[in-house]
Amino acid sequence: MLLKSLVGSACTLLGAATAFKFAPVEVKAQTAALLHSAVRKSSLVEQANMKIELVPALSDNYMYLLIDVDSKEAAIVDPAEPVKVLEAVRKHGVRLTTVLTTHHHWDHAGGNEKMLRLMPGLKVYGGDDRVDCITKKVSHSSTFKLGSLNVKCLFTPCHTTGHICYFVTKENSTEPPAVFTGDTLFVAGCGKFFEGTAEQMYKALIEILGRLPPETRVYCGHEYTVSNLKFARHVEPDNEVIQKKLAWAKEKCSKGEPTIPSTLADEFTYNPFMRVKEKSVQDHVKESDPIETMRSLRKAKDGFRVPKE
């Protein structure tokens, strides 16, 4: 009887996996949420000028509720699970006016349509016509206001051809700015080059994001930190900063807590894709040119088998 039950459970799981593979986007989102989100906790980063609620979504995504403290106006970054967004909006008692979409992939833009059904009249920003329900197409250096906050759009094509990062500041503030990097920059990693080149990712990471103030807090699209740091350790086994950060990240994840945000200054100490000018990183891939190092690193990461420890 026990064997029959186990076989039945296995078949159910296999059937669910097959159904998931061919399911519509919204079903995928709901299924992933049920499987994973219960163990991941939300987190609030509070500053005098802005608040940012990290809201876990799907299996490893993050949505970000960005709140202007002065006006109580808010924006949501990549609302993959709109019902969770509404819960966060109500909890904080804010007025949601804006959707900031980093790129068109379903796990970032797939919730836009439902978000607008739930809250008609939202402005939807993005840099790609493929972004669902886009109302405000932006380009590099486009700027707009969210209450008293300034939002600057940074065009970072590579993961997708229309990827946008959003850099948020407030005039005369001494507190750290924020940048929402989607799938361009992760903690200790970067996005796959699905629609771009090593040259483009180098420009995005080093020449655009890397030139923002070093104290800028980085809010990325996924919780990939532990696996990224294991690759970083593989590239630079003698880098003690990586070893300490990995131990910290494992501890955070074991508690269901986010490893985000990092800072740009931090990224330059342990992210191999931000360290392509460092001899230790170049030596690992047997390159001397930073862009070729970027290309070789991405190829190596794509084929990297993440160790258990």
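The whole structure, a predicted model, holds 17 salt bridges. Three of these pairs are set out below. Two of them meet at arginine 130: aspartate 128 and glutamate 195 each bridge to this residue. The pair of glutamate 257 and lysine 252 is also described.

**Pairs at arginine 130**
- Aspartate 128 bridges to arginine 130, with 2.8 Å between the closest N and O atoms.
- Glutamate 195 bridges to arginine 130 as well, and here the closest N and O atoms lie 2.9 Å apart.
- This second pair links distant parts of the chain, 65 residues apart.
- Glutamate 195 sits in the loop between strand 13 (189-190) and helix 6 (198-208).
- Arginine 130 sits in the loop between strand 6 (123-126) and strand 7 (136-137).

**Accessibility at arginine 130**
- Aspartate 128 has a relative accessible area of 7%, so this residue counts as buried, the cut-off being under 20%.
- Arginine 130 is partly exposed, at 37% relative accessible area.
- Glutamate 195 is partly exposed too, with a value of 29%.

**Glutamate 257 and lysine 252**
- Glutamate 257 forms a salt bridge with lysine 252, and the closest N and O atoms are 3.3 Å apart.
- Glutamate 257 is partly exposed, its relative accessible area being 26%.
- Lysine 252 has a relative accessibility of 22% and therefore counts as partly exposed.

**Network**
- Asp128, Arg130 and Glu195 belong to one network, joined by salt bridges that share partners.

Methods:
Residues are numbered from 1 along each chain as its sequence is written. This is a predicted model: local features need pLDDT of at least 70, side-chain atom pairs count only at pLDDT 80 or more; totals for chains, interfaces and linings use all residues. Side-chain values use heavy atoms; hydrogens and water are left out. A salt bridge is a side-chain nitrogen of Lys or Arg within 4 Å of a carboxyl oxygen of Asp or Glu. Buried means under 20% relative accessible area, exposed over 50%, partly exposed in between (1.4 Å probe, protein chains only). Helices (H or I, at least four residues) and strands (E, at least two) are DSSP runs, numbered from the N terminus.
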